[in-house]
Amino acid sequence: GLSRPVWLVIAASVPTALGWYGYYKFSIEEELFHDELRRSGRATGCGGYGTLFPFVWSFLIGGVGLLAGLPGADLLVDAGALWILLGQVNLYRRVNELHGESGPLWTKDEALLEPPVYAWWALLPPPLDVVVGLRQVHFLARHWAAVRGEPWQGDPVAEEFFPFISAPRFTLRQFARTPALWFQFTADWEELDWPLLQDPSEGAPWRSPFEWGFLWGGAPADPAPKSIGLAPADLAAALARDLSEGRYILTGNLTSSLFADDCRFVDPNNAVDGLSRYRQALGFLFEPTRSQLDNVHVRVVAAGSGRATIEATYVASGELKLPWRPKISPWSGKISYDVSPVTGLVVAQTDVWNITRFDAIRQTFTPGSTSRR
């Protein structure tokens, strides 16, 4: 394939009313199609003809049908638009794959070695779809220059005038709050410190765990006597048994004497105050016979005159007690237990996952989900 920088694509497309861009789109799809066939014997795209012809003919025939008032003509136009959108998503996916191969040839920047585009951005409305489209043009040009052994001549449009085109991949929030990405003249502007644009780690309020305590307000206190004064090492051993044998974070089957009655339980999605409420809540979540908790490791990480801390790691998976029986794929977690220096009981439990809360929610509403957590 040929390296076509952003400045060239814009300079040729604007005066031709995007006519040259149609030629560009046809050319890169053909080049990628034949490149894939040459390297692997199969193609994941449709080539220039297969990509553009259905789109163009759908619009031409559908447009004539709309003018003539023919029923179903609008569906033909919609089908053409959907076809080209799906083609763009597939194009961005392939550009990410190619960048993984050629990126190390032209950059040592770890951030730039990440996949450059989010393929699903093709489905966003303007101008955000243009943002990802321009990035695709730039990184595909860098790819072909690198694999052909051609020196990169620079691209002032992508690398100076509009820094977002050549920057490492960013999220929508990062783009919105970082003026330095927008234009050359905003390069020195400070980031926008708005709560709406904060990352999860910055404490955006809607990303706090949901407080479920109000659902279990009538849960009775656990009558079991407490194991007061238990040594941290003995407490860690008991928690390890509860995790390995009782799988209590999935079943609620825990040794209640290890926890204070007002213990607070928090994970990325949920927060419950009170031991009885926590156990009652767990009873509604996972199907015990179809859930697993493995690779449990528990250790004391801090002990002495101050509050002791115990940490546990695990890998869990399971099926939720919902009508559509969603299967939650394996995820890793790390639990931190805060231990009272006075009673030796666990007064706070915080569980952190290796996946986002949104992935957990997505799997919850996906029947039979088997995606990797």
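Visitor: What makes the second largest pocket a pocket, and what is its volume?
Guide: On a 1 Å grid over the protein atoms alone, a pocket is an open set of points with protein on both sides within 12 Å along at least five of seven lines, while a cavity is a set where a 1.4 Å probe fits but cannot get out. This one has a volume of about 690 Å³, counted as the space filled by probe spheres set on the points. By the way, the model is predicted: local features need pLDDT of at least 70, side-chain atom pairs count only at pLDDT 80 or more, and totals for chains, interfaces and linings use all residues. Residues are numbered from 1 along each chain, and side-chain values use heavy atoms, without hydrogens and water.

Visitor: Why are α1 and α2 called oblique?
Guide: Their axes are 6 Å apart at an angle of about 135 degrees. Under 35 is roughly parallel, over 145 roughly antiparallel, 65 to 115 roughly perpendicular, and the rest oblique, so α1 and α2 are oblique to each other.

Visitor: What about α2 and α3, at what angle do they cross?
Guide: Roughly 140 degrees, with axes that come within 6 Å. That makes α2 oblique to α3 too.

Technical notes. Axes are lines fitted to C-alpha atoms, for helices over the stretch in contact, and angles run from 0 to 180 degrees between N-to-C directions. Helices (H or I, at least four residues) and strands (E, at least two) are DSSP runs, numbered from the N terminus. On a 1 Å grid over the protein atoms alone, a cavity is a set of points where a 1.4 Å probe fits but cannot get out, and a pocket is an open set with protein on both sides within 12 Å along at least five of seven lines; lining residues have an atom within 4 Å of a point.
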